[in-house]
Amino acid sequence: MKKITSIVWLICLGICLVQCKNKQAVETYKVTPEFAEKIDKPAVHFTVDIPKSLKFNKPQEGKKTSSYGMIQKVNNDGIVVEMCSLGYISLDGAAFENNARSFLGQVRSLLKRGGYTIEKDTIGNLSFNGEKYMTLQAEATMEKGLTPEFEGKYLFNVVVKPNPHGNTHMIMLMNARDDQAAKTYEDFKDKLTISTIWNTFTYLE
């Protein structure tokens, strides 16, 4: 009986250790319409959990910024190996798909102008995490020496996340270098540190 009790205790301890290991410390980031105005951005209301292990460039009042936040996983050599930028686009319902497609084409052009060589790319109403989203999926390479923070081959999964409460929709610009856990675009939902951002992002009324 004592032996069985010991085995059960060890199993429970093992499960506990795995759960503790998998649970990440996070910072809950909330953007309100009032805060959006202070950082000169369109009104939007959302909350998201950001792993504390990641570098979070949070917008500051009075400072110009191109997004609602930039989150990065940075290696010891200073190279970004995972990233999620909280961009945005303001679209009305009737022209949503066409305008979103055009915007994603502009994102692709920006990647090229930024120094990336794009090997493959697709823009369309694509499946991701069990839903259909207007998405840019691309394989792109940044050669060494062009941009200090980026180097190597990356997967880009740039998803327009529709806002049910307004016409400002988030652009979740996610990327991961090919030495990270994401081997397919679907892996962005659960294989990466930035997956927590995708999974916890919630629009509020």
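Which residues form one aromatic cluster? The members are Y29, F46, F56, Y68, Y88, F201 and Y203.

## Before we start

This is a predicted model, so local features need pLDDT of at least 70 and side-chain atom pairs count only at pLDDT 80 or more, while totals for chains, interfaces and linings use all residues. Residues are numbered from 1 along each chain as its sequence is written, and side-chain values use heavy atoms, with hydrogens and water left out.

## Rings that pair up

Let's stay with the aromatic rings. The structure holds 13 aromatic pairs. Rings of Phe, Tyr and Trp (its six-membered ring) pair if their centres lie within 6.5 Å; planes under 30 degrees apart count as stacked, over 60 as edge-to-face and the rest as tilted. The ring centres of F128 and W198 are 4.9 Å apart with planes at 65°, so this pair is edge-to-face. The pair ties together distant parts of the chain, 70 residues apart: F128 sits in strand β6 and W198 in helix α4 (residues 195-200). Helices (H or I, at least four residues) and strands (E, at least two) are DSSP runs, numbered from the N terminus.

Both F128 and W198 are buried, where buried means under 20% relative accessible area, exposed over 50% and partly exposed in between (1.4 Å probe, protein chains only). Y154 and F156 make a tilted pair, 6.4 Å centre to centre with 50° between the planes. Y154 is buried at 1% relative accessibility, and F156 is buried at 1% too.

## Around A138

The C-alpha atoms of A138 and F156 are 5.0 Å apart, although 18 residues separate them along the chain. With a relative accessible area of 0%, A138 is buried. Leaving out residues up to four places away in sequence, A138 touches I118, K120, D121, Y154, L155, F156 and Y185; contact here means heavy atoms within 4.5 Å.

## Around T168

T168 lies in strand β9 (residues 168-177) and is buried, at 3% relative accessibility. Among the residues T168 touches, beyond four places away in sequence, are P42, A43, Y68, Y88 and Y203.

Most residues other than glycine have a negative phi. D40, which is not a glycine, has a positive phi near 60°. D40 sits in the loop between α2 (33-38) and β2 (46-51) and is exposed, with a relative accessible area of 66%.

N129 is not a glycine either, and its phi is positive at about 55°. Its place is the loop between β6 (116-128) and β7 (131-147), and at 31% relative accessibility N129 is partly exposed.

## The largest pocket

How many residues line the largest pocket? There are 26, with S66, M70, M83, S85 and L173 nearest its centre. The elements giving two or more residues to this lining are β5 (80-90), α3 (96-113), β7, β8 (150-161) and β9. The largest share, five residues, comes from α3.

The lining divides into 14 nonpolar, eleven polar and one charged residue. Ala, Val, Leu, Ile, Met, Phe, Trp, Tyr, Cys and Pro count as nonpolar, Asp, Glu, Lys and Arg as charged, and the others, Gly among them, as polar. A pocket is an open set of points on a 1 Å grid over the protein atoms alone, where a 1.4 Å probe fits, with protein on both sides within 12 Å along at least five of seven lines; lining residues have an atom within 4 Å of a point.
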